[in-house]
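Let's take a quick tour of a protein model together. Have a look at the sequence and the 3D view first, then read on.

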Amino acid sequence: MKNLENIISDQVGNQIRVQVWKQVGNQVGNQVREQVRYQVSDQVCNQIRVQVWEQVRVQVWEQVRDQVWDQAEETIK
């Protein structure tokens, strides 16, 4: 009878351990997923910022260059 109690308590203990392990694993997994998601979104935002900045910089440079060029042509005429 003692053996049966030991087996049952071992099984219950194992089930509890498995449940706790799964919960801890899920929490850690969720935290890791969140961190990865934030890192990825930061990287994507940075890439978008860089692309937008490049486009704006090129457009501004072309406008300024054209204005300067037009003024120079007017002055030469």
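How far apart are the mean positions of the positive and negative charges of the protein? They are 14 Å apart, counting 9 positive and 10 negative charges. Keep in mind that this is a predicted model. Here's the rest, topic by topic.

**Overall build**
- The protein has one helix and zero strands, and that helix, α1, covers residues 2-76.
- Picture a box of roughly 110 × 10 × 5 Å along the principal axes: the C-alpha atoms of the protein fill it.
- The radius of gyration is 33 Å, whereas a compact globule of 77 residues would have one near 11 Å.

**Gln11**
- You'll find Gln11 in helix α1.
- Is Gln11 buried, partly exposed or exposed? Gln11 counts as partly exposed because its relative accessibility is 48%, and partly exposed is the range between under 20% (buried) and over 50% (exposed).
- Follow the chain for 57 residues from Gln11 and you get to Val68; their C-alpha atoms are separated by 84 Å.

**Ile16**
- Ile16 also has its place in helix α1.
- With a relative accessibility of 47%, Ile16 counts as partly exposed.
- Ile16 and Tyr38 sit 22 residues apart in sequence, and from C-alpha to C-alpha they are 33 Å apart in space.

**Rings and a charge**
- What lies over the face of Tyr38? That's Arg37, at 5.1 Å from the ring centre.
- In general, you describe a pair of aromatic rings by the distance of the centres and the angle of the planes.
- How many aromatic pairs does the structure hold? The count is zero.

Technical notes. Residues numbered from 1 in each chain as written. Predicted model: local features only at pLDDT ≥ 70, side-chain atom pairs only at ≥ 80, totals over all residues. Heavy atoms only, no water. Helix = DSSP H or I, 4+ residues; strand = E, 2+ residues; numbered from the N terminus. Buried < 20%, exposed > 50% of the residue type's maximum accessible area, 1.4 Å probe, protein only. Phe/Tyr/Trp six-rings, centres within 6.5 Å; stacked < 30°, edge-to-face > 60°. Lys NZ or Arg CZ within 6 Å of the ring centre and 35° of its normal. Rg over C-alpha atoms; globule rule 2.2 N^0.38 Å. Lys, Arg positive; Asp, Glu negative; His and termini not counted. Charge placed at Lys NZ, Arg CZ, Asp CG, Glu CD.
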